[in-house]
Amino acid sequence: MKVYIELQRLLKPPSGVSYYLKGLIEGLQKQPSKYTYILYYFAMSTKSFMSLPGKNFRYQFVMLPAKLYSILYRLKLLIPLDLFAFKKRIYLFPNFVRRPLLRSTSITVIHDLTFLRYPQYLEDKNRKFMQRHVPGSIKKSDHIVTNSEFSKRDIMRRFKVKPKDISVVYPGIDHARFFPQKKADIQAFKKRSGIKNKYILFVGTFEPRKNLTTLIKAYVGLPDKLRSQYTLVLAGSRGWKNFLADRLLAKYEGEDIVDLGFVSDQDLPTVYSGASIFVFPSVFEGFGMPVIEAMACGTPVIAAKNSSLVEACGKAGLLF
């Protein structure tokens, strides 16, 4: 049987969903399987997302531009993806939304319900899209996959999903990448990044939901003696309403705060490994991958006591 996995999110800037999708496919590549995996996307592109070893993986582009597809989807004018399929297929939709199907089995990943619980933390366009399409996707899907027991309970309660129709599959860590790095590599990274002291680390998108402004204020409020020993290091790309954090960083320009911006996959384990502590004050998470990435690199974690972060930390982190 063929399993179709939508890759469209990998054509956009990095996000939690894109890292989840990349990790999912890399994990499937390592497992023996009777299935053939078709990785499809809406673009005529020869871009290689990742290496695909084995004969049971291949790319396929849909002869329809992504923007046109999105417009047709919003207008509910799309034909089913499997209209011309003679055999039954399985479609895995990794980014909240189930596409129209005729006869195939559908599995949709619902990472969290932020768009319902904290709609103020989503861009208006994205929030309206999610609120309009995700409830129907949950209803029409044959099975739901989510990242935590917290999200499973949330989805079951709000959408009356039966326990047999939803599964928790925790995101995994690639321990070939995330492990304590060599001291020499950490020192080299600190030197080129201008970090002279030990440091407190945050990794995540600069957006209101990550609660970065609270972290900056908390750091500035530390006793002088502690601030003289520890730098606050911020790593992540700019997201929606990033100006809130940027405005605060400008206000405290004289403080020992280093803004690394986006950090490459190659450097990220070194960034984690060099930190004295990792702090994740996010208001709400579907899982919280940075928490377990930091732990895998041997760095102590302090995280907000909410949503699925309690599960991600387990008994290994401090919660506030």
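Colleague: Which residues do ring pairs link into a cluster?
Modeller: That cluster is made of Phe 178, Phe 202, Tyr 272, Phe 278 and Phe 280, joined by ring pairs. Do keep in mind that this is a predicted model.

Colleague: Noted! How many aromatic pairs does the structure hold?
Modeller: It holds 15 aromatic pairs. One of them brings together Tyr 40 and Tyr 91: the ring centres are 6.1 Å apart and the planes sit at 75°, so this pair is edge-to-face.

Colleague: Where in the chain do Tyr 40 and Tyr 91 sit?
Modeller: Tyr 40 is in strand 2, residues 36-41, and Tyr 91 is in strand 4, residues 90-93. They are 51 residues apart, so the pair links distant parts of the chain.

Colleague: And are Tyr 40 and Tyr 91 buried or exposed?
Modeller: Both Tyr 40 and Tyr 91 are buried.

Colleague: What about the rings of Tyr 41 and Tyr 59, how are they arranged?
Modeller: Their centres are 6.4 Å apart with the planes at 85°, so Tyr 41 and Tyr 59 also make an edge-to-face pair. Tyr 41 belongs to strand 2 and Tyr 59 to strand 3, which covers residues 57-61.

Colleague: Tyr 41 first: buried or exposed?
Modeller: Tyr 41 is buried, because its relative accessible area is 3%, and buried means under 20%. Tyr 59 has a relative accessible area of 26%, so it counts as partly exposed.

Colleague: Let's go to the surface. Which residues form a nonpolar patch there?
Modeller: Ile 79, Leu 83, Phe 84 and Leu 102 do, and together they have about 420 Å² of accessible area. Leu 83 is in the loop between helix 2 (66-74) and strand 4. With 32% relative accessibility, Leu 83 is classed as partly exposed.

Colleague: Zooming out, how many helices and strands does the protein have?
Modeller: There are 12 helices and 13 strands. The radius of gyration is 21 Å, close to the 20 Å that the globule rule gives for 320 residues, so the protein is as compact as a globular protein of that length. Along the principal axes, the C-alpha atoms fill a box of roughly 70 × 40 × 35 Å.

Colleague: What share of the residues is buried?
Modeller: Buried residues account for 47% of the 320.

Colleague: Now helix 5. Which of its residues are buried?
Modeller: Helix 5 spans residues 149-159, and its buried residues are Phe 150, Ser 151, Lys 152, Asp 154 and Ile 155.

Colleague: What covers the buried residues of helix 5?
Modeller: The cover includes helix 3 (114-117), helix 4 (124-140), strand 6 (143-146), strand 7 (166-168) and helix 12 (309-313).

Colleague: What comes just after helix 5?
Modeller: Lys 160, which takes a positive phi of about 55°. Lys 139 and Lys 160 are 21 residues apart in sequence, with 9.2 Å between their C-alpha atoms.

Colleague: Where does Lys 139 lie?
Modeller: Lys 139 lies in helix 4. Its relative accessible area is 75%, so Lys 139 counts as exposed.

How values were computed. Residues are numbered from 1 along each chain as its sequence is written. This is a predicted model: local features need pLDDT of at least 70, side-chain atom pairs count only at pLDDT 80 or more; totals for chains, interfaces and linings use all residues. Side-chain values use heavy atoms; hydrogens and water are left out. Rings of Phe, Tyr and Trp (its six-membered ring) pair if their centres lie within 6.5 Å; planes under 30 degrees apart count as stacked, over 60 as edge-to-face and the rest as tilted. Helices (H or I, at least four residues) and strands (E, at least two) are DSSP runs, numbered from the N terminus. Buried means under 20% relative accessible area, exposed over 50%, partly exposed in between (1.4 Å probe, protein chains only). Patches are made of residues with over 30% relative accessible area and no salt bridge: like charges are joined within 9 Å, nonpolar side chains (Val, Leu, Ile, Met, Phe, Trp, Tyr) within 5 Å. Accessible areas come from the Shrake-Rupley method with a 1.4 Å probe; for residues, only the protein chains shown count as cover. A salt bridge is a side-chain nitrogen of Lys or Arg within 4 Å of a carboxyl oxygen of Asp or Glu. The radius of gyration is taken over C-alpha atoms; the globule rule is 2.2 Å times the number of residues to the power 0.38. Contact means heavy atoms within 4.5 Å.
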